[in-house]
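Please have the structure open as you go through the points.

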Number of protein chains: 2
Amino acid sequence: MNIAVIGLGLIGGSLIRALAARGHRVLGFDADPAVRATARDAAARMPATGRWQVTATIRDVAADADLVVLAVPLPALHNVLDALVASGFHGLITDVTSVKGQVRDAVATRLTGAANPVAGFVGGHPMAGREASGFASGDAALFTGCAWVLCLDEGVGLDDWLTVAELITELGARVVPATTEEHDRAVAAISHVPHLMASALAANAAEDLLALTLAAGSFRDGTRVAATRPELVAAMCGGNAEAVKLALAHVIQRLDGAMQALEERDPVKAVRAWAAEGHATRGAWPPDPGRPEEVPAHVETLLRLGRAGGWVTTVAPDRRTVTGFLPVSNA
Amino acid sequence: MNIAVIGLGLIGGSLIRALAARGHRVLGFDADPAVRATARDAAARMPATGRWQVTATIRDVAADADLVVLAVPLPALHNVLDALVASGFHGLITDVTSVKGQVRDAVATRLTGAANPVAGFVGGHPMAGREASGFASGDAALFTGCAWVLCLDEGVGLDDWLTVAELITELGARVVPATTEEHDRAVAAISHVPHLMASALAANAAEDLLALTLAAGSFRDGTRVAATRPELVAAMCGGNAEAVKLALAHVIQRLDGAMQALEERDPVKAVRAWAAEGHATRGAWPPDPGRPEEVPAHVETLLRLGRAGGWVTTVAPDRRTVTGFLPVSNA
């Protein structure tokens, strides 16, 4: 397949390496000329069969592509989509952004309808963050075993979804079928709100020099993602505001419950009872993968698999079934 | 010095190894006969100069001790103190518990006054948690570079404090002078509340199987200490309830601030501004140690050093000065 990757940061840079290594014809583009030069130099050092090419414009990168992968941060997305429209691209599009509702809406505004029809859009999100960012930190093995949501909303063609799912599973990722809304609600709870909590914890110690000297393991881990650049946290949370507000309200409610426990006549007993659910949940995580099963490649069946915490590891050649895993709690 | 360590878990087990390696005569006791047997076997495998002994009773362990180190969890403290009173111990006491007010009060009730005078009590707390617990996980190097609070309250003899500080600095720890109240307030912010937040985050995802499958780095780190046994979290937080309530209220207030930012007309801009302080604090942590300086060994000078985020690395032989470090922000 001819694939174009737009944006060559950690995810795009890993993806271009992984796809080229699988034998696809891959072209990459980044708005930053220095990143393009680095990506070109890196390609030149690869064996001939695993090389990618780097183009200087979005028009060139998309010209012969069957699939364009948008791998730019949310704030850059609108400009890239405008350039893609201008290029006259008519193939399939997927992306790797952490908020799916905004991306879906941005694509729908520009790239559907009579004026600029594209073959289809399948929103995606690999759960593959890392401390380091940038092309140089990219790694062809980044996606091995990682959960990668592919959105299967009404209006998404099942065939398009299976095309992207096949590509992604071949990189070793676990493809998770979900609707855009399910995705955005889930990542609010397990990624966006954790970023807000890390920031609140860190800020809470800001004035207390003694506390910062005593801070050790629980502070280090609990605040680690507070080191994420505020503009990225803002783009994630602000771009998913409704779901984040809901998840945040739930967490605040739980913390209010801890406050009430501390007000009890026997706070030790009350806090122990309060802490039990979080302890049990963390102890049972991550779940065991269970056994593989053949699952019909139907929209509702796939979405049920995702809602149950399952994922897809291969798409059958005839596209009638996929191999799915349903996790079993290890509690 | 003759030292008795009561409680041979991770901290006590590490301490007995470290003190014996420094040439002290060390005796250990644990309420669990199996732990005593393990500790005896481990001693037998040490070179003769680094061995410790294990006794079967608190009376025996304290009989010839100049210093008793209480290294039992908070719930076990009262029984141990009762046994220490019954043994007629009259030396110096320190401890390694994560809540200092409760321990100070428990000691004061039993071990001061005409009936059971002890030479003195210096509350202590090494910030040296680990995933693993138990004697077998102990490590003589556990305290190298770790911050170790020694409480310097009114009524604590400076000479007693310097005796314990000398012992602890010789193990490579950074001794932080603080009052009991300062300690309890600081650890509420950087340890106790982080445990509550980790638990709330984990519990918040409990019902959502899709979310648990997508959970990756920020969830893993943000919930790590939710794996701590609920009874330990309860003992820490319930035993330090007033300070924890205050720190928890501040964190909830900050999260309410995030909620307001998400309600703004431009939530991306508002969240970016909200996230700036936590980002800056985490980026500047841990602080650089600065340069060593000779500090007079006076109570107020030492407490000022601790309040400024500083620590002590050596006690001068004449006990008139200590070597102190005052951290400089690396922002």
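1. Let me begin with the salt bridges. Over all chains, the structure, which is a predicted model, holds 30 of them. One worth a look is in chain A, where the side chains of Arg110(A) and Asp82(A) meet with an N to O distance of 2.5 Å. Arg110(A) belongs to helix 5 (residues 100-111) of chain A and Asp82(A) to helix 4 (residues 77-87) of chain A, so this pair ties together parts that lie 28 residues apart in sequence.

2. Next, the interface. Chain A and chain B each bring 92 residues to the contact. Between them they bury about 7,800 Å², and 72% of that area is on carbon and sulfur atoms. Which three residues supply more of the area that chain A buries against chain B than any other three? They are Leu214(A), Arg282(A) and Trp285(A), which together account for 9% of it.

3. Four salt bridges cross between chain A and chain B. In a salt bridge between the two chains, the side chain of Arg224(A) meets that of Asp221(B), at 2.1 Å from N to O. There are also 22 residue pairs in polar contact between chain A and chain B, counting pairs with both residues at pLDDT 80 or more. On the side of chain A that touches chain B, helix 7 (residues 180-204) of chain A gives the largest share, with 18 residues. By class, that side of chain A has 56 nonpolar, 19 polar and 17 charged residues.

4. Now please turn to a helix pair in chain B. Helix 11 (residues 241-263) of chain B packs against helix 12 (residues 267-283) of chain B at an angle of about 160°, and their axes are 7 Å apart. Angles over 145 degrees count as roughly antiparallel, and these two helices of chain B are therefore roughly antiparallel to each other. From helix 11 of chain B, the residues that meet helix 12 of chain B include Arg254(B), Gly257(B) and Ala258(B). Among their partners in helix 12 of chain B are Pro267(B), Trp274(B) and Glu277(B). By class, this contact has seven nonpolar, one polar and two charged residues.

5. Finally, some backbone details to check. Most peptide bonds are trans, and most residues other than glycine have a negative phi. The bond from Trp285(A) to Pro286(A), however, is cis, with omega near -5°. Pro286(A) sits in the loop between helix 12 (267-283) and strand 10 (292-296) of chain A. In chain B, Trp285(B) and Pro286(B) are joined by a cis peptide bond with omega about -5°, and Pro286(B) is in the loop between helix 12 and strand 10 (292-296) of chain B. Arg319(A) is not a glycine, yet its phi is positive, at about 60°. Look for Arg319(A) in the loop between strand 11 (311-315) and strand 12 (321-325) of chain A.

How values were computed. Residues numbered from 1 in each chain as written. Chains lettered and ligands numbered in written order. Predicted model: local features only at pLDDT ≥ 70, side-chain atom pairs only at ≥ 80, totals over all residues. Heavy atoms only, no water. Contact = heavy atoms within 4.5 Å. Buried area = accessible area lost by both parts, 1.4 Å probe. Polar contact = N/O pair within 3.5 Å; in protein donor to acceptor, adjacent residues only side chain to side chain. Helix = DSSP H or I, 4+ residues; strand = E, 2+ residues; numbered from the N terminus. Nonpolar A, V, L, I, M, F, W, Y, C, P; charged D, E, K, R; others polar. Axes fitted to C-alpha atoms, helices over the stretch in contact; angles between N-to-C directions. Parallel < 35°, antiparallel > 145°, perpendicular 65-115°, else oblique.
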